[in-house]
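Thanks for coming, everyone. Today I want to talk about salt bridges. Please have a look at the structure on the screen.

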Amino acid sequence: MTLPTVEALTARAAELFALWRVRDASIEVAWNRRLRTCAGRAFVQHGRVELNPNLLEPAPEEIDGVLVHEAAHVAAWRLFGAAAEAHGRHWRALMRLAGLPPEVTHDLAIPARRPRRGRFAYLRVCDSCGDRRVMAALRYGRCHGCSRRDSYLVLRAPATAAGRAALGRVTLADARARCDAIMERR
Ligand SMILES: [Zn+2]
Ligand SMILES: [Zn+2]
(Lines give C-alpha, C1' and ligand atoms only; values in the text may rest on other atoms or scores of the structure.)
(Ligands and ions follow the chains in the order given, each with its own letter.)
Protein backbone atom coordinates (compact mmCIF):
# COMPACT_ATOMS: atom_id res chain seq x y z
CA MET A 1 0.00 0.00 0.00
CA THR A 2 1.17 3.51 -0.73
CA LEU A 3 1.60 5.69 2.30
CA PRO A 4 -0.28 8.99 2.36
CA THR A 5 1.77 11.93 1.17
CA VAL A 6 3.28 14.44 3.55
CA GLU A 7 0.94 17.04 2.01
CA ALA A 8 -2.14 14.96 2.84
CA LEU A 9 -0.91 14.39 6.41
CA THR A 10 -0.14 18.08 6.86
CA ALA A 11 -3.62 18.99 5.64
CA ARG A 12 -5.14 16.56 8.13
CA ALA A 13 -3.04 18.07 10.95
CA ALA A 14 -4.19 21.57 9.97
CA GLU A 15 -7.80 20.34 10.15
CA LEU A 16 -7.16 19.03 13.68
CA PHE A 17 -5.56 22.31 14.79
CA ALA A 18 -8.64 24.18 13.54
CA LEU A 19 -10.87 21.79 15.51
CA TRP A 20 -8.74 22.34 18.62
CA ARG A 21 -8.62 26.11 18.08
CA VAL A 22 -4.86 26.24 17.98
CA ARG A 23 -4.01 29.71 16.71
CA ASP A 24 -0.54 28.86 15.42
CA ALA A 25 -1.44 26.08 12.99
CA SER A 26 2.00 25.66 11.39
CA ILE A 27 3.16 22.06 11.49
CA GLU A 28 5.67 19.92 9.69
CA VAL A 29 4.83 16.24 9.16
CA ALA A 30 7.44 13.77 7.88
CA TRP A 31 7.96 10.06 7.40
CA ASN A 32 11.11 8.89 9.15
CA ARG A 33 12.46 5.43 8.26
CA ARG A 34 14.96 5.53 11.12
CA LEU A 35 12.27 5.33 13.80
CA ARG A 36 12.22 1.89 15.38
CA THR A 37 10.08 1.28 18.45
CA CYS A 38 7.66 4.19 18.30
CA ALA A 39 4.97 4.59 15.67
CA GLY A 40 5.45 8.33 15.74
CA ARG A 41 6.94 11.17 17.71
CA ALA A 42 6.41 14.85 18.17
CA PHE A 43 8.94 17.63 18.62
CA VAL A 44 6.57 19.93 20.37
CA GLN A 45 8.54 23.17 20.38
CA HIS A 46 9.48 22.83 16.73
CA GLY A 47 5.98 21.82 15.71
CA ARG A 48 7.27 18.73 13.96
CA VAL A 49 5.67 15.29 13.80
CA GLU A 50 7.47 12.22 12.50
CA LEU A 51 5.72 8.97 11.60
CA ASN A 52 7.29 5.53 11.32
CA PRO A 53 6.66 3.98 7.89
CA ASN A 54 8.20 0.65 8.97
CA LEU A 55 5.43 0.09 11.53
CA LEU A 56 2.62 1.88 9.72
CA GLU A 57 2.99 0.50 6.20
CA PRO A 58 1.69 -2.91 7.31
CA ALA A 59 -1.00 -1.27 9.49
CA PRO A 60 -2.40 1.62 7.42
CA GLU A 61 -5.58 1.75 9.52
CA GLU A 62 -3.40 3.00 12.40
CA ILE A 63 -1.95 5.99 10.54
CA ASP A 64 -4.65 8.51 11.36
CA GLY A 65 -4.72 7.59 15.04
CA VAL A 66 -0.95 8.00 15.33
CA LEU A 67 -1.07 11.34 13.51
CA VAL A 68 -3.83 12.60 15.82
CA HIS A 69 -1.87 11.37 18.85
CA GLU A 70 1.28 13.25 17.79
CA ALA A 71 -0.51 16.38 16.60
CA ALA A 72 -2.28 16.49 19.98
CA HIS A 73 1.13 16.68 21.70
CA VAL A 74 2.04 19.75 19.62
CA ALA A 75 -1.41 21.27 20.22
CA ALA A 76 -1.25 20.63 23.99
CA TRP A 77 2.10 22.41 24.08
CA ARG A 78 0.78 25.43 22.18
CA LEU A 79 -2.45 25.65 24.15
CA PHE A 80 -1.27 24.78 27.65
CA GLY A 81 2.52 25.11 27.62
CA ALA A 82 5.15 23.08 29.40
CA ALA A 83 2.87 22.36 32.36
CA ALA A 84 0.79 19.94 30.26
CA GLU A 85 2.06 16.42 30.90
CA ALA A 86 2.76 14.37 27.77
CA HIS A 87 -0.24 12.07 28.14
CA GLY A 88 -2.03 14.03 30.82
CA ARG A 89 -5.56 15.34 30.96
CA HIS A 90 -5.04 18.20 28.47
CA TRP A 91 -3.72 15.82 25.86
CA ARG A 92 -6.50 13.32 26.59
CA ALA A 93 -9.13 16.05 26.21
CA LEU A 94 -7.76 16.88 22.73
CA MET A 95 -7.87 13.21 21.75
CA ARG A 96 -11.50 13.01 22.85
CA LEU A 97 -12.36 16.17 20.91
CA ALA A 98 -10.93 14.51 17.81
CA GLY A 99 -13.24 11.56 18.46
CA LEU A 100 -10.53 9.13 19.48
CA PRO A 101 -10.27 7.11 22.67
CA PRO A 102 -7.68 8.94 24.75
CA GLU A 103 -6.49 5.95 26.65
CA VAL A 104 -4.28 4.17 24.19
CA THR A 105 -0.95 5.83 24.09
CA HIS A 106 1.31 3.18 22.63
CA ASP A 107 0.85 -0.34 21.41
CA LEU A 108 3.54 -2.68 22.58
CA ALA A 109 3.64 -3.98 19.06
CA ILE A 110 1.04 -3.03 16.54
CA PRO A 111 -0.69 -6.40 16.39
CA ALA A 112 -0.80 -8.05 12.99
CA ARG A 113 -4.39 -9.01 13.66
CA ARG A 114 -6.37 -6.88 16.03
CA PRO A 115 -8.03 -8.75 18.85
CA ARG A 116 -11.77 -8.31 19.24
CA ARG A 117 -12.81 -5.03 20.78
CA GLY A 118 -11.85 -4.79 24.42
CA ARG A 119 -9.51 -7.75 24.24
CA PHE A 120 -6.48 -5.80 25.33
CA ALA A 121 -4.37 -5.61 28.43
CA TYR A 122 -2.79 -2.33 29.48
CA LEU A 123 0.38 -1.55 31.32
CA ARG A 124 0.18 1.79 33.09
CA VAL A 125 3.54 3.07 34.32
CA CYS A 126 3.95 6.28 36.26
CA ASP A 127 6.67 8.37 34.62
CA SER A 128 7.30 10.16 37.93
CA CYS A 129 7.72 7.29 40.39
CA GLY A 130 7.71 4.10 38.29
CA ASP A 131 4.56 2.64 39.90
CA ARG A 132 3.19 0.02 37.49
CA ARG A 133 -0.12 -1.75 37.00
CA VAL A 134 -1.33 -4.20 34.40
CA MET A 135 -5.05 -3.62 33.85
CA ALA A 136 -7.85 -5.13 31.79
CA ALA A 137 -9.57 -1.72 31.66
CA LEU A 138 -7.50 1.40 31.90
CA ARG A 139 -8.18 3.90 34.64
CA TYR A 140 -6.55 7.23 35.36
CA GLY A 141 -6.82 7.91 39.04
CA ARG A 142 -4.16 9.27 41.29
CA CYS A 143 -0.95 7.27 41.20
CA HIS A 144 -0.65 4.91 44.16
CA GLY A 145 3.04 5.75 44.42
CA CYS A 146 3.20 9.54 44.12
CA SER A 147 -0.44 10.77 43.89
CA ARG A 148 0.06 12.42 40.52
CA ARG A 149 -2.60 11.79 37.91
CA ASP A 150 -1.01 13.12 34.76
CA SER A 151 2.26 11.32 34.27
CA TYR A 152 1.20 7.95 32.97
CA LEU A 153 2.79 6.14 30.10
CA VAL A 154 0.48 3.47 28.75
CA LEU A 155 1.29 0.45 26.64
CA ARG A 156 -1.25 -1.91 25.18
CA ALA A 157 -0.96 -5.54 24.13
CA PRO A 158 -3.45 -8.25 23.23
CA ALA A 159 -5.00 -9.71 26.40
CA THR A 160 -3.36 -13.08 25.93
CA ALA A 161 -0.84 -14.82 28.17
CA ALA A 162 1.91 -13.77 25.76
CA GLY A 163 0.65 -10.19 25.69
CA ARG A 164 0.57 -9.96 29.47
CA ALA A 165 4.02 -11.50 29.75
CA ALA A 166 5.34 -8.97 27.24
CA LEU A 167 3.84 -6.13 29.26
CA GLY A 168 5.43 -7.55 32.39
CA ARG A 169 8.87 -7.32 30.82
CA VAL A 170 8.58 -3.64 29.93
CA THR A 171 10.75 -1.47 32.16
CA LEU A 172 10.20 2.21 32.89
CA ALA A 173 13.14 2.95 30.57
CA ASP A 174 11.47 0.92 27.78
CA ALA A 175 8.20 2.74 28.29
CA ARG A 176 10.01 6.08 28.16
CA ALA A 177 11.82 5.07 24.98
CA ARG A 178 8.42 4.57 23.35
CA CYS A 179 7.11 7.82 24.64
CA ASP A 180 7.17 10.19 21.84
CA ALA A 181 6.67 13.74 22.98
CA ILE A 182 10.04 15.35 22.84
CA MET A 183 10.67 18.63 24.53
CA GLU A 184 13.88 20.02 23.15
CA ARG A 185 16.12 21.47 25.80
CA ARG A 186 18.49 24.16 24.78
ZN1 LIG B 1 3.64 7.88 40.57
ZN1 LIG C 1 2.48 10.33 23.05
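**Salt bridges in the model**

Arg133 and Asp131 form a salt bridge, with their closest N and O atoms 3.0 Å apart. Keep in mind that this is a predicted model. How accessible are the two partners? Arg133 is partly exposed, at 30% relative accessibility. Asp131 is buried, with a relative accessible area of 15%; the cut-off for buried is under 20%.

How many salt bridges does a search of the whole structure find? The count is 11.

Arg78 meets Asp24 through their side chains, in a salt bridge of 3.8 Å, N to O. Arg78 sits in helix α3, residues 63-80, and Asp24 in the loop between α1 (6-19) and β1 (28-31), so this pair ties together parts 54 residues apart in sequence. Arg78 is partly exposed, with a relative accessible area of 26%. Asp24 is partly exposed too, at 41% relative accessibility.

Now Arg33. Its salt-bridge partner is Glu57, and the closest N and O atoms are 3.5 Å apart. What does this pair tie together? Arg33 belongs to the loop between β1 and β2 (40-43), Glu57 to the loop between α2 (53-56) and α3, so the pair ties together parts that are 24 residues apart in sequence. Glu57 counts as partly exposed, at 30% relative accessibility.

Last, a network. Which residues are linked in it? Salt bridges link Glu28, Arg41, Arg48 and Glu50.

That's it from me. Over to you.

Conventions: Residues numbered from 1 in each chain as written. Chains lettered and ligands numbered in written order. Predicted model: local features only at pLDDT ≥ 70, side-chain atom pairs only at ≥ 80, totals over all residues. Heavy atoms only, no water. Salt bridge = Lys/Arg side-chain N within 4 Å of Asp/Glu carboxyl O. Helix = DSSP H or I, 4+ residues; strand = E, 2+ residues; numbered from the N terminus. Buried < 20%, exposed > 50% of the residue type's maximum accessible area, 1.4 Å probe, protein only.
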